[in-house]
Amino acid sequence: MTNEIDETDVAANALDDETEGPELSVVTPLDVPGQPHLDLDRALEAILFIADEPQSVVHLAAAVARPVAEVRAAIARLRADYDGTGVSGEPRTDAAEADTEASGIRRAFELREVGGGWRFYVRGEYDALVSDFVIAQTSTRLSQAALETLSVIAYKQPISRSQIASIRAVNVDSVVRTLLGRGLITEVDTDAETGALLYGTTELLLTNLGINSLDELPHISPLLDDGQEGFDRD
């Protein structure tokens, strides 16, 4: 009987300690091993900031180890924040009164859902300004890496970034961004299976090459030492 009473008292005391302690948020820490406790909204913002491809809700949920429903709610808060109609930041349960006053700052970028995923985009009214800036900041000549990547896209389009990287055996993220900024390639579609963006060339490339269509591109496989035919147009 004594042991039972002691065990009951210990359990009750432990419960009292938990009740009397500070009420901490049960949702703020991200359950990612080896990572500090992070705000969900800010964590998603960081991932989307460096992502070159649209990120699906499921992919984002896996990255931050959170339920899909919570990630959807966080994306809604971020969109409202960037639109100037709300504030982002994961709701806490340890605050007596949450500050829900809208910031009122409409950002020059937005979160847009494309190809089944989310990605940062410049707002439409700033497109011309940003395009002029990028063109003004780029040199007139393309690097060898950019020329090689442009050739792969021209012959194999529509093609994803990962497929280009596989052919060139190097990372092509920065080169693709350069070509996009020059207006030589554009996003033409999304892969039905992976959701990856597919790229193709623009009319500007045809103008620079002095040809009317891609059909006028020469077959280059005879020029390859190993006789590969991977660049022959279908």
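Trainee: How do H2 and H3 cross?
Mentor: This is a predicted model, so keep that in mind. Helix H2 covers residues 40-50 and helix H3 covers residues 57-64. Their axes come within 11 Å and cross at roughly 115°. The crossing of H2 past H3 is right-handed.

Trainee: Which residues make that contact?
Mentor: From H2, take Leu40, Ala43, Leu44, Ile47 and Leu48. From H3, take Leu60, Ala63 and Val64.

Trainee: And what classes do the residues of the H2 and H3 contact fall into?
Mentor: Eight are nonpolar, with no polar and no charged residues.

Trainee: Next, H2 and H4. What's the angle there?
Mentor: About 75°, and the axes are 9 Å apart. Helix H4 spans residues 68-83. Angles of 65 to 115 degrees count as roughly perpendicular, so H2 and H4 are roughly perpendicular to each other.

Trainee: Which residues of H2 meet H4?
Mentor: Leu40, Asp41, Arg42, Leu44 and Glu45 in H2. On the H4 side they meet Glu70, Val71, Ala74, Arg77, Leu78, Asp81 and Tyr82.

Trainee: How does that contact of H2 with H4 divide by class?
Mentor: Into six nonpolar, no polar and six charged residues.

Trainee: That leaves H3 against H4. How do they pack?
Mentor: At an angle of about 105°, with axes 9 Å apart. That makes H3 roughly perpendicular to H4. H3 brings Val57, Val58, Leu60, Ala61 and Val64 to the contact. H4 brings Val68, Val71, Arg72 and Ile75. By class, the contact of H3 with H4 has eight nonpolar residues, no polar ones and one charged.

Trainee: What sits in the loop between H3 and H4?
Mentor: Ala65 is found there. Check its backbone: Ala65 has a positive phi of about 55°, although it is not a glycine.

Trainee: Why point that out?
Mentor: Because most residues other than glycine have a negative phi.

Trainee: Okay, new topic. How many aromatic pairs are there?
Mentor: A search of the whole structure finds three. Ring pairs link Tyr82, Phe109 and Phe120 into a cluster.

Trainee: What lies over the face of Tyr121?
Mentor: Arg112 does, at 4.4 Å from the ring centre.

Trainee: Last one. Is the peptide bond from Gln157 to Pro158 cis or trans?
Mentor: That bond is cis, with omega near -5°. Most peptide bonds are trans.

Trainee: And where does Pro158 lie?
Mentor: In the loop between helix H6, residues 144-156, and strand S3, residues 159-160.

Definitions and conventions
Residues are numbered from 1 along each chain as its sequence is written. This is a predicted model: local features need pLDDT of at least 70, side-chain atom pairs count only at pLDDT 80 or more; totals for chains, interfaces and linings use all residues. Side-chain values use heavy atoms; hydrogens and water are left out. Axes are lines fitted to C-alpha atoms, for helices over the stretch in contact, and angles run from 0 to 180 degrees between N-to-C directions. Helices (H or I, at least four residues) and strands (E, at least two) are DSSP runs, numbered from the N terminus. A crossing is left-handed if the near helix is turned anticlockwise from the far one by less than a right angle, and right-handed if clockwise. Contact means heavy atoms within 4.5 Å. Ala, Val, Leu, Ile, Met, Phe, Trp, Tyr, Cys and Pro count as nonpolar, Asp, Glu, Lys and Arg as charged, and the others, Gly among them, as polar. Rings of Phe, Tyr and Trp (its six-membered ring) pair if their centres lie within 6.5 Å; planes under 30 degrees apart count as stacked, over 60 as edge-to-face and the rest as tilted. A charge sits over a ring if NZ of Lys or CZ of Arg is within 6 Å of the ring centre and within 35 degrees of the ring normal. Angles under 35 degrees count as roughly parallel, over 145 as roughly antiparallel, 65 to 115 as roughly perpendicular and the rest as oblique.
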